Amino acid sequence: MSDQKVDLVIIGAGPAGMAAACEARRYGLSVMLLDEQPAAGGQIYRAVDSAPADRVDLLGNDYGYGKNLTRAFGASGAEHLRGAAVWSVERDGSVHYLADGRSATVKGINILLASGAMERPFPVPGWTLPGVMTAGAAQILLKSAGALPDQPAVLAGCGPLLYLLAWQYLRAGAPIKAIVDTTPLKAYREALKHWDGALKGWRDLKRGLGLLRSIRRHGVAVYRGATHLGVLGDVRAQGLTFQIGGQPQRVESPLILLHQGVVPNTQLSLSMRLAHRWDSQQLCWTPVVDEWGKTDCANCYIAGDSAGIVGAKASAEQGRLVALDVALRANRLSESLRESLALPIRDALTQFTAIRSFLDVLYRPLDIHRMPADDVIVCRCEEVTAGQIRHYVELGCHGPNQTKAFGRCGMGPCQGRLCGLTVTELIADARKVDPQDIGYYRIRPPIKPITLGELAQ
């Protein structure tokens, strides 16, 4: 165990983590940033420094923007520990991690959780078949290795990433069989109530409309208002079934890419027993933080999408705010100077998040795709179905933690990442209560797998 102690330990080298590191170093704070990946960038800017120029151009200006941040981070003087898998964080600031086959510990006077987002579970019939993956996973393959499908893919679900990936595929010459959009017509009407925010975020709106026009020019079949998605196939994916206005539809393809938005990655914050709340707009658990990103643990902060989905540029601004507050705590800034420095950051944050309510309402996932029919597998690790969860409730199961005792749900290698939100909503729906009253799995370290040998070393 290391006796190393630093002013700020950051977990995650995405926009929030990198921006916080740069800002903290500006005030002379010692910073160690731990990240599992071999290079900085997080998921959104994955491999941006090593990607060839043509791939950076292919992925668009937003991806290329990440180079500015990774370069600033590289020049900041922050210690960057690559390939470090954090498996436990304690409320006293002790951060335990795996690197090079050994377990080590660093002590942070302050810690920042900047672990980003993960894709929302999309439990539909056949989602466990080979040939089915998430759109986010497909984009990771494209960013990190330039990998493209060699057969026409079907992209299905809702959310900006679905259309962004389609646009990137088309620019790369990859075939797309169809886009099956689950956004209902009423969602457009509801989103219009937040039109003022969308106009303030006009740059994002303009960019999105440009993607749609480009996809339309390529002649891709787009099915709108789709419901009741299901993957065809017995051994592997053969296509997608769905309904439009109650009428059955079918598109054949060996590759189905599913997506219905992203949610905060809260595994670390939950394991620390930090306060969380159910966000009824984003339909997920979010940690409770103040305007500086501080949690109910005095030395712990959370910024970026792990505190609530805000996007890459807003995440960076949140990271900077955290660094200013840490600098104040370290007596490197006066309170008045902190407030002054925060003003332009808050202005930028307001601009970058203006469109968020519009997007949250427009791309709200359908209930049937979050709380599926009884025969659909919810817990992939232990092959527990939605019907079994509902039956557990009938037998007296009151929350997700009890599902482990009733049928091992949530006890697999993913530690509930792929089923947790679904289980919470299924139980809440069956009991006719708010998800806030149901809670989530009790997450315990190790967050990442660790062998006894690694722990002993």
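Q: Which residue in β14 does T241 stand opposite?
A: R250 in β14. Strands here are DSSP runs of E with at least two residues, helices are runs of H or I with at least four, and both are numbered from the N terminus. This is a predicted model, in which local features need pLDDT of at least 70, side-chain atom pairs count only at pLDDT 80 or more, and totals for chains, interfaces and linings use all residues. Residues are numbered from 1 along each chain as its sequence is written, and side-chain values use heavy atoms, leaving out hydrogens and water.

Q: How many bridges between β13 and β14?
A: Six, with strand β13 (residues 239-244) and β14 pairing in the antiparallel sense. Two strands pair if DSSP finds at least two bridges between them.

Q: What order do the strands of that open sheet come in?
A: The order is β12-β13-β14, three strands with antiparallel pairing. β12 (226-232) and β14 (247-252) are at the edges with a single partner strand each, so one side of each has no neighbour in the sheet. From one strand to the next the twist averages 20 degrees. Angles run from 0 to 180 degrees between N-to-C directions, and axes are lines fitted to C-alpha atoms, for helices over the stretch in contact.

Q: G230, buried or exposed?
A: Buried, because its relative accessibility is 7%; buried means under 20% relative accessible area, exposed over 50%, and partly exposed in between (1.4 Å probe, protein chains only). G230 is in strand β12.

Q: What is G230 in contact with?
A: P125, G239, L240 and T241, leaving aside neighbours within four places in sequence. Contact means heavy atoms within 4.5 Å.

Q: Other sheet: which five strands form it?
A: β8-β15-β9-β10-β11, in that order, as an open sheet with parallel pairing. The edge strands, β8 (132-134) and β11 (221-224), each pair on one side only. Between β8 and strand β15 (residues 255-260) there are three bridges in the parallel sense, and V132 stands opposite I256 in β15.

Q: Which strands does helix α5 touch?
A: β8 and β15. Helix α5 (residues 135-145) packs on the sheet, and its direction makes about 80 degrees with that of β8. Helix α6 (residues 160-172) lies across β9 (153-158), β10 (176-181), β11 and β15, at about 165 degrees to β10.

Q: Moving to the β17 and β18 hairpin, how many residues are between them?
A: Four, and L283 in the turn has a positive phi of about 55 degrees. Strand β17 (residues 276-279) runs antiparallel to β18 and is joined to β18 by four bridges. W278 stands opposite W285 in β18.

Q: Which way do the residues of β18 point?
A: From strand β18 (residues 284-287), C284 and T286 point one way and W285 and P287 the other way, and all are buried.

Q: R356 and D360: in which helix do they lie?
A: Both lie in helix α13 (residues 356-362), four residues apart, about one turn of the helix.

Q: How many salt bridges in the whole structure?
A: 20. One of them is formed by the side chains of D325 and R338 (2.5 Å, N to O). The pair links distant parts of the chain, with D325 in helix α11 (residues 312-329) and R338 in helix α12 (residues 335-353), 13 residues apart. D325 is buried at 4% relative accessible area, and R338 counts as buried at 6%.

Q: And the K193 and E190 salt bridge, what is its N to O value?
A: 3.1 Å. K193 is exposed, with a relative accessible area of 62%, while E190 counts as partly exposed at 39%.

Q: Last one: which residues of helix α15 are buried?
A: In helix α15 (residues 386-394) they are A386, G387, I389, Y392 and V393. These buried residues pack against β20 (377-379), β21 (384-385), α16 (400-407) and α17 (420-431). G396 follows α15 and has a positive phi, near 115 degrees.

Key
A salt bridge is a side-chain nitrogen of Lys or Arg within 4 Å of a carboxyl oxygen of Asp or Glu.
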